[in-house]
Every structure is written in structure tokens, then in C-alpha cells.
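Please read them with the sequence and the model open side by side.

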Amino acid sequence: MKGFTRVLAFVALLSQAAVSYGRPFSQRSPRGEPDPSFAVTVSLGGKQYVNKGLVGFGLIPSNFTESTGDTIGGIGSAIALKRGTFVQNSDGTFQGTIVAQPDRGFNIDGTIDYQARQHEIDFVLSPYYDPDNLSFDDALQTLQLTYRDTLLYTERESRKTTGLDALGVRPAEALERFLTIEDPALPIAPSNGDLAVDAEGLVLNADGTFWVSDEYGPYIYLMSPQGQLIETVQPPQAILPYIDSKLNFTSATDPTTGRAGNQGFEGLTLDSSGKTLYALLQSATVQDGGSDKTTSRYTRLLAYDISDALVVRPTLIGEYVVPLPLSKKGKTRAASELHFVSEGVFLVLARDGDGHGGDDAKASYKQADLLDISNATDIHGTRYDDPANPIATDGELDDSITPGTYVSFVDFIDDTQLGRFGVHNGKPVDQTLIDAKWESLALAPCMDPDFPDDFFLFTAADNDFISTQGIALGKPFDAGLDVDNQFMVFRLTLPGASALDIARKQ
């Protein structure tokens with residue numbers, strides 16, 4: 001759906017107390033490169049990866065409405081940079097378009113009939129490299145965001161999708177009529193029979209089609225440029241949710257085997273060739289320990305050959321075990337996103353649930369970490385694709401499996417970096433508190449000839465549609481709190497990385 005253009009000329013209302021929020025912001029940072037004191041270097045596979053610090057911060061207000069009339073929210077569930085839009089301007093700024101995909105809508109009081117969708121948001125990035133602290137108002141100028149339009153998703157026969165809990169199952173569809181590739185059994189809402197989608201991952205293809213991963217299935221959907229379902233990828237039986245030996249896609253409870261409730265394919269990414277699609281489960285399947293945070297560390301990363309996706313259903317060509325990080329109490333930091341860096345190397349966003357809109361104001365872990373599967377055991381097509389054969393028992397990985405190598409990397413809640421942009425971690429609970437649920441990653445080249453391996457890492461938070469002035473399905477709601485849709489941009493050195501063809505051809 002094409003909507004209207006609205007420019008987010010948002011000015012934060014801060015207290016007039018005698019507090020210094022930093023020096024005035026200038027359009028261009030006096031420094032051409034990040035302050036070297038910010039650099040954090042880690043080693044992986046004999047290569048040096050560098051986090052050069054936070055360089056941009058912006059937001060979309062919690063009460064902003066999109067072209068359908070709904071409150072825009074949840075957009076940090078997945079983002080991608082639109083191909084051919086990213087460009088460096090003559091003044092040193094950068095501009096492009098973010099495609100942001102929310103999940104299943106405002107659901108604090110239960111799931112709703114929210115149609116899956118994506119939004120186009122233009123941005124201007126003015127990287128800030130200085131060590132001095134900006135005011136929160138000035139920090140918002142480093143990443144200026146302009147909402148453009150919204151595309152709604154539809155399924156078979158142009159029926160809309162729904163965010164309602166998948167309490168029903170549509171039988172597998174035979175190969176006939178409009179189908180090039182038959183559908184597997186699909187999650188539906190019994191009240192309307194529509195395909196239930198809790199959208200999480202997003203990958204944009206060169207031909208305008210795009211992939212969406214979801215939590216209900218967990219499935220991967222190929223969509224047309226107009227947002228209509230083309231085909232469905234079903235994972236191995238070990239990942240499908242079964243209760244009493246029957247498929248049951250509900251997110252309300254854990255199944256007997258398969259993905260845990262609300263722990264589906266959070267991560268989705270494409271390799272540099274555009275031929276291999278990777279999907280990451282948020283945490284371990286139930287039989288692998290996923291019913292308890294103390295045993296849910298070992299999750300699965302799947303690789304699919306999509307080179308002929310419009311003709312042949314994508315084939316599973318790889319499956320690897322990812323050892324997610326643990327808290328001090330031994331609880332799993334579940335994965336919220338995955339992004340391809342180079343052959344065998346990925347960024348994985350893992351986090352806690354604290355921060356603005358979370359259970360506690362003080363967050364302890366929100367990071368984009370490095371994962372290397374070069375030496376990991378490929379378990380696809382083995383006995384582990386049968387739920388009767390778990391990869392882990394009581395949190396202990398089977399001795400026959402070598403997991404990927406996981407290395408801590410980009411800390412989203414570093415106090416020094418947040419302070420440079422007028423943001424904080426922990427009380428007070430106000431607009432400048434870092435959001436709780438960061439769930440998306442996107443890369444763009446810095447176009448710096450002196451540092452050809454430098455990339456901007458974009459990330460956005462899922463605010464769960466939390467607003468005191470919200471609108472969902474034409475009805476107002478008050479969630480009791482205002483949590484803005486926050487965005488951050490970091491600068492990283494990623495040896496051998498690529499960003500597909502998002503850069504605009506000059």
C-alpha cells in the first residue's frame with residue numbers, strides 16, 4: 001500500500017534542570033574518523049575485527065502513525081537496507097532507505113488481527129566521531145528518519161495475513177491452480193482462516209522479491225514485490241512444533257518437541273552470492289533444552305540453497321549448532337538477529353529483555369557478536385533432524401558435535417558510547433533510556449578508501465507498540481508507557497565483508 005510521506009521532525013522535551021547535555025551539534029563531525037580510543041578489537045579465525053564505536057542515533061516517536069492509520073511500532077523486529085539507495089553525499093553525510101518489518105502488532109492484551117507489513121523509511125546519517133557528549137536533542141540529528149510508505153502482506157488468493165495466535169492448521173496444499181510449489185501445512189487463525197504470521201527476519205532480493213522468517217511455523221516465506229506469498233519453506237521435523245504427535249503452531253505454550261513458544265526464526269540473512277539463505281532459531285528446540293533458559297543455549301542455524309527458488313523449493317544444505325552466550329546465572333541470552341559478514345562468519349544479536357519497556361531499567365547484555373561456523377559440524381540430513389535425537393541433553397552438547405565459535409563483539413550498552421548521544425542505561429525511566437528489545441541488523445559500506453573494510457552497522461529496537469497514544473485496527477489503546485522506536489549506528493571493521501548491492505550506482 002502506498003501511503004503518504006511524513007517527515008519526522010521530532011524534538012525531545014527535556015527537563016529544564018541545570019544539567020549539561022554537551023556542546024551544540026554541528027552538521028559534520030570535526031573528526032573524519034572515530035576517536036581511536038573507542039576501538040575494541042577482537043580476533044576470530046586469524047583476522048582482526050574492530051568496533052570503532054557508536055556514530056549515530058535516531059528515533060521514531062511511539063505515537064507516530066503510518067499510512068494505514070495504525071501506530072508504527074515493532075519495527076526493530078527486522079530491518080534491511082533497500083538495494084541501490086545508499087549513497088555518500090558531498091558534505092560527508094550518507095543517505096538511503098531502511099525497510100523495516102514489524103512483528104505481529106500490539107499484543108500486550110492478546111494477539112490481534114494485525115496484517116503483516118513492511119515500512120520504507122528514508123534516512124540521513126551524519127556520523128558523529130567526537131568524544132564529547134552531545135545533548136539528546138543534538139544526537140537525534142545524527143540519524144534523521146523520514147517515513148515514506150507501507151506495504152501490506154497477503155497470502156493465497158490475495159487474502160490478508162493475520163497476527164492472531166496460530167491455533168489452527170491448514171492442511172498441505174496439492175500442486176494445482178495458482179501454485180508453482182505446493183504449500184506445506186500452514187499455521188492459521190481459526191477465527192478467520194488466514195495465514196498467521198509473526199514476522200521476524202527480512203531479506204531483500206535483487207529482483208524485488210523478499211524473504212520473511214516467522215516464529216509461528218517457524219517458516220520462511222518468499223514474497224512477491226507486491227507483498228504476496230509465493231512459496232513456503234518448512235524446516236526439518238526436529239524444528240517443527242509437535243504436541244501429542246500433531247503439528248500445533250500456537251505460541252502460547254511450548255510444544256512437546258520442536259521450536260519453543262515465541263522462539264522461532266528470529267534471524268535471517270543472505271550470503272554475498274545471493275544463493276544461500278541462513279535462518280537462526282532464537283534458542284534451542286524443546287528436545288534440545290529449549291523449555292528452560294538454563295539449558296536452551298544450543299540453538300540451530302540452517303542454510304538453504306535458494307538459487308532456483310522460483311522453480312524448486314529451497315533445499316537444506318547445511319545445519320550448524322550455535323552456542324549462545326550465558327548470563328552470570330547461567331541463563332541463555334537468546335538470539336534476536338543474524339547477519340552475514342563473510343564466508344562462514346556472521347553477526348549474531350543476543351540480548352536480555354531489560355531497558356525501556358522491559359522488566360528492569362538496567363540492561364546487562366545487548367550485543368552484536370561474531371559467529372564462525374567454518375569448523376562447526378554440519379548436522380543436516382543426520383539423525384538430529386529427527387526430534388527423537390536431541391543435540392543436547394540437560395544443556396550439555398552431544399560429544400559428536402562441534403559448535404560454531406562465538407566471540408563477544410559490539411556492546412550496545414557501553415556507558416561511554418551511550419553518553420556521547422545523551423542516552424543512558426538504567427534509571428531514570430525516561431525518553432533517554434536505552435530500549436529493551438534490539439532485534440535487527442543491517443550493514444552499509446563506509447566508502448572510506450583508507451579503510452575499505454569499514455562498515456556502518458544499523459540496528460533498531462522493537463518497542464512492542466508501547467504507547468499511551470496508540471492506534472491498532474482503528475481503535476485507540478493506552479499501553480501505560482511511551483517507548484520510542486530507537487535506532488543506532490556503529491562503525492565496524494569487518495575483514496572481507498560485503499553489503500550486497502545496497503549502494504546507489506553513480
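Predicted model: local features only at pLDDT ≥ 70, side-chain atom pairs only at ≥ 80, totals over all residues.

1. The protein contains two helices and 31 strands, and its C-alpha trace spans about 65 × 55 × 50 Å along the principal axes.

2. On overall packing, a compact globule of 506 residues would have a radius of gyration near 23 Å, and the 22 Å found for the protein agrees with that expectation. Of the 506 residues, 61% count as buried, while the accessible surface comes to about 18900 Å², with 49% of it belonging to carbon and sulfur atoms. Among contacts between residues at least 6 apart in sequence, 67% join residues at least 24 apart.

3. Which residues touch the most other members of the largest nonpolar core? They are Ile98, Phe456 and Phe458, in a core that numbers 68 residues; strand E3 (residues 47-60) gives the most to this core, contributing six residues. A second, separate core has 24 residues, including Tyr153, Tyr216, Tyr242 and Phe249.

4. Strand E28 (residues 454-460) deserves a careful look, because seven of its seven residues are buried, so that the strand is largely enclosed by the rest of the structure. Asp454, Phe456, Phe458 and Ala460 point one way from E28, whereas Phe455, Leu457 and Thr459 point the other way, and all of them are buried.

5. The pairing of E28 can be followed to two strands. Strand E27 (residues 442-445) runs antiparallel to E28 and is joined to it by four bridges, with proline 445 standing opposite phenylalanine 455. Strand E31 (residues 485-493) is also antiparallel to E28, here through seven bridges, and phenylalanine 490 in E31 is the bridge partner of leucine 457.

6. Strand E6 (residues 94-101) has seven of its eight residues buried, and is therefore largely enclosed by the rest of the structure. Isoleucine 98, leaving out residues up to four places away in sequence, touches Ile79, Ala80, Leu81, His119, Glu120, Ile121, Phe123, Leu145, Phe458 and Phe487.

7. What does E6 pair with? Strand E4 (residues 78-81) is joined to E6 by four antiparallel bridges, and alanine 78 has glutamine 101 as its bridge partner. Strand E7 (residues 117-125) pairs with E6 in the antiparallel sense over seven bridges, with glycine 96 partnered by phenylalanine 123. Strand E5 (residues 87-88) is joined to E6 by two antiparallel bridges, and valine 87 has glutamine 95 as its partner. E5 and E6 form a hairpin with five residues between them, and in that turn glycine 92 has a positive phi of about 90 degrees.

8. Finally, is glutamate 319 buried or exposed? This residue, found in strand E20 (residues 315-323), counts as buried because its relative accessibility is 0%, the cut-off for buried being under 20%. The side chain of glutamate 319 makes a polar contact of 2.9 Å with that of arginine 300. Apart from neighbours within four places in sequence, glutamate 319 is in contact with Pro236, Arg300, Leu301, Leu302, Thr377, Asp378, Ile379, His380 and Asp385.

Methods: Residues numbered from 1 in each chain as written. Heavy atoms only, no water. Buried < 20%, exposed > 50% of the residue type's maximum accessible area, 1.4 Å probe, protein only. Polar contact = N/O pair within 3.5 Å; in protein donor to acceptor, adjacent residues only side chain to side chain. Contact = heavy atoms within 4.5 Å. Core = buried A, V, L, I, M, F, W, Y, C linked by side-chain atoms within 4.5 Å. Pairing = 2+ DSSP bridges. Rg over C-alpha atoms; globule rule 2.2 N^0.38 Å. Areas by Shrake-Rupley, 256 points an atom, 1.4 Å probe, with all protein chains shown as cover.
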